[in-house]
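Hi,

Here is the structure I promised to pass along. Have a look at it first, and then read on for what turned up.

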Amino acid sequence: MALKQLRNTSIFKKLIRSESSDFLKGRHHYKVSYRLSHFTYVPDTVSASDGETTRMNFFQAVTNALDLALAADSSAVIFGEDVGFGGVFRCTVGLQDKYGRDRVFNSPLCEQGIVGFGIGMAIAGATPIAEIQFADYIYPAFDQITNEAAKVRFRSGNEFDCGGLTIRAPYGAVGHGALYHSQCPEAFFSHVPGIKVVIPRGPLQAKGLLLSCIRDKNPCIFFEPKILYRMAVEQVPLKDYELPLSKAEILTEGDDVTVIGWGTQVHVLREVCQLAQDKLNVSCELIDLVTILPWDKETVINSVKKTGRLLVAHEAPLTGGFAAEISATVQSECFLNLEAPIQRVTGHDAPFSHVYEPFYIPSKWRCFDAVKKLINF
């Protein structure tokens, strides 16, 4: 029933049309997404030492990572709502045909059951990769994640664990998702010792970080910014590779302001840094936090000690957002180095809006105003 309903929705029909049009060759769909987005996507580049590459968008990089994980580990399985035919965003397309229904299969419409089943499989020694169809619907599984997955190792004295569990979920603003398809719940899980929370910014990261999560010995939540699924296109190495978790990446070095984001917001902030340089002659140091839990405090602290100013931006609401945790840590560790109050640019303390989404998200202009406040304080 769910699959039939999904096939009749406009978003599914649009995705199917984009698949059949092979937009990676014609780039028509990419151009449309580019015009409608609130940022300009700048692809990461690879070096010659990374070996043979091919052009992939974000969801294809995810598919490639899952393919490699299934091929390398006979105990690895993928399950979730409608993953058998490829999923809403096509991230598992072709995998059931390749690996069979025993290893790639649909689950009931029950997020609590999806995660609970994954926990059981991981405790038994398998490598479950569970998909929550949208991050907004991860909340029914909250108890299983926070009270079971995160605590099994601790309460059993390390006799048992579910470290092989990875939970994937499409996440964040997409331009028209409104209340139930645009939320960013990472801060909820940042309060839970025993799990890791990772958010990539593009295809290169998506593949390497997802493989790291799948092979990590702790349960991981992997949030995939869904606006990037098709518009983010990069040359991605064909080889099996992993990227380090809990290690922030300095994308642009600077001397005047430290600017921190993750996922989609990194691309917004990249434009902000260029605006600050062009219009204010201000040098910004841009950091992609990459991992929310456990996060890379050392890289952030060292940067703020150098610049004396900090801006943190995320799409989630202000109150209790992860920017607050970063701000508290920096205030404690860098108090004598700060030249201005820390600025947080975030979503608002209200349900995610639909037609007013441009006013809800932390746009480059809101972030640019925050940079001006930091410099002029």
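Let me start with helix 11, which is mostly covered: 12 of its 13 residues are buried. Those buried residues are Pro-203, Leu-204, Gln-205, Ala-206, Lys-207, Gly-208, Leu-209, Leu-210, Leu-211, Ser-212, Cys-213 and Ile-214. Please keep in mind throughout that this is a predicted model. From its first C-alpha to its last, helix 11 reaches 18 Å, close to the 18 Å expected at 1.5 Å a residue.

**Helix pairs**

A quick reminder before the pairs: two packed helices are described by the angle between their axes and the distance between the axes.

Helix 11 (residues 203-215) packs with helix 5 (residues 58-72); their axes come within 8 Å and cross at roughly 30°. Angles under 35 degrees count as roughly parallel, and helix 5 and helix 11 are therefore roughly parallel to each other. Their crossing is right-handed. On the helix 5 side, the contact is made by Phe-58, Ala-61, Val-62, Asn-64, Ala-65, Leu-66, Leu-68, Ala-69 and Ala-72. Helix 11 brings Pro-203, Ala-206, Lys-207, Leu-210, Leu-211, Ile-214 and Arg-215 to the contact. By class, the residues of this contact divide into 13 nonpolar, 1 polar and 2 charged.

The next pair is helix 7 (residues 111-123) and helix 8 (residues 142-149), with axes that come within 8 Å and cross at roughly 25°. That makes helix 7 roughly parallel to helix 8. Gln-112, Val-115, Gly-116 and Ile-119 of helix 7 make the contact with Gln-144, Ile-145, Glu-148 and Ala-149 of helix 8. The residues of this contact divide into 4 nonpolar, 3 polar and 1 charged.

Then there are helix 14 and helix 15 (residues 322-333), which pack at an angle of about 55° with their axes 10 Å apart. Helix 14 and helix 15 are therefore oblique to each other, and their crossing is right-handed. Here Lys-297, Val-300, Ile-301, Val-304 and Lys-305 in helix 14 meet Ile-326, Thr-329, Val-330 and Glu-333 in helix 15. This contact has 5 nonpolar, 1 polar and 3 charged residues.

How does the span of helix 13 agree with what its residues should give? At 1.5 Å a residue, its 16 residues (265-280) should span 22 Å, and the end C-alpha atoms are 21 Å apart, which agrees.

Which residues of helix 13 are buried? They are Gln-265, Val-266, His-267, Val-268, Leu-269, Glu-271, Val-272, Cys-273, Leu-275 and Ala-276. What covers them includes several strands: strand 9 (249-252), strand 10 (257-261), strand 11 (284-288) and strand 13 (310-317). Helix 12 (228-231) and helix 17 (364-376) are also among the elements that cover these buried residues.

**Backbone details**

Most residues other than glycine have a negative phi, and most peptide bonds are trans.

With a relative accessible area of 61%, Asn-281 is exposed.

Ser-246 is not a glycine either, and has a positive phi of about 60°. You will find Ser-246 in the loop between strand 8 (233-237) and strand 9. Ser-246 is partly exposed, with a relative accessible area of 22%.

There is also a cis peptide bond, which joins Leu-293 and Pro-294, with omega about -10°. Pro-294 sits in the loop between strand 12 (291-293) and helix 14 (297-307).

**A glycine in a loop**

One more spot is Gly-86, in the loop between strand 2 (76-80) and helix 6 (95-99). Is Gly-86 buried or exposed? At 0% relative accessibility, Gly-86 counts as buried. Leaving aside its neighbours within four places in sequence, Gly-86 is in contact with Cys-91, Thr-92 and Val-93. Ser-107 is 21 residues apart from Gly-86 along the chain, and their C-alpha atoms are separated by 13 Å.

Best wishes

Definitions and conventions. Residues are numbered from 1 along each chain as its sequence is written. This is a predicted model: local features need pLDDT of at least 70, side-chain atom pairs count only at pLDDT 80 or more; totals for chains, interfaces and linings use all residues. Side-chain values use heavy atoms; hydrogens and water are left out. Helices (H or I, at least four residues) and strands (E, at least two) are DSSP runs, numbered from the N terminus. The expected span of a helix is 1.5 Å times one less than its number of residues. Buried means under 20% relative accessible area, exposed over 50%, partly exposed in between (1.4 Å probe, protein chains only). Contact means heavy atoms within 4.5 Å. Axes are lines fitted to C-alpha atoms, for helices over the stretch in contact, and angles run from 0 to 180 degrees between N-to-C directions. Angles under 35 degrees count as roughly parallel, over 145 as roughly antiparallel, 65 to 115 as roughly perpendicular and the rest as oblique. A crossing is left-handed if the near helix is turned anticlockwise from the far one by less than a right angle, and right-handed if clockwise. Ala, Val, Leu, Ile, Met, Phe, Trp, Tyr, Cys and Pro count as nonpolar, Asp, Glu, Lys and Arg as charged, and the others, Gly among them, as polar.
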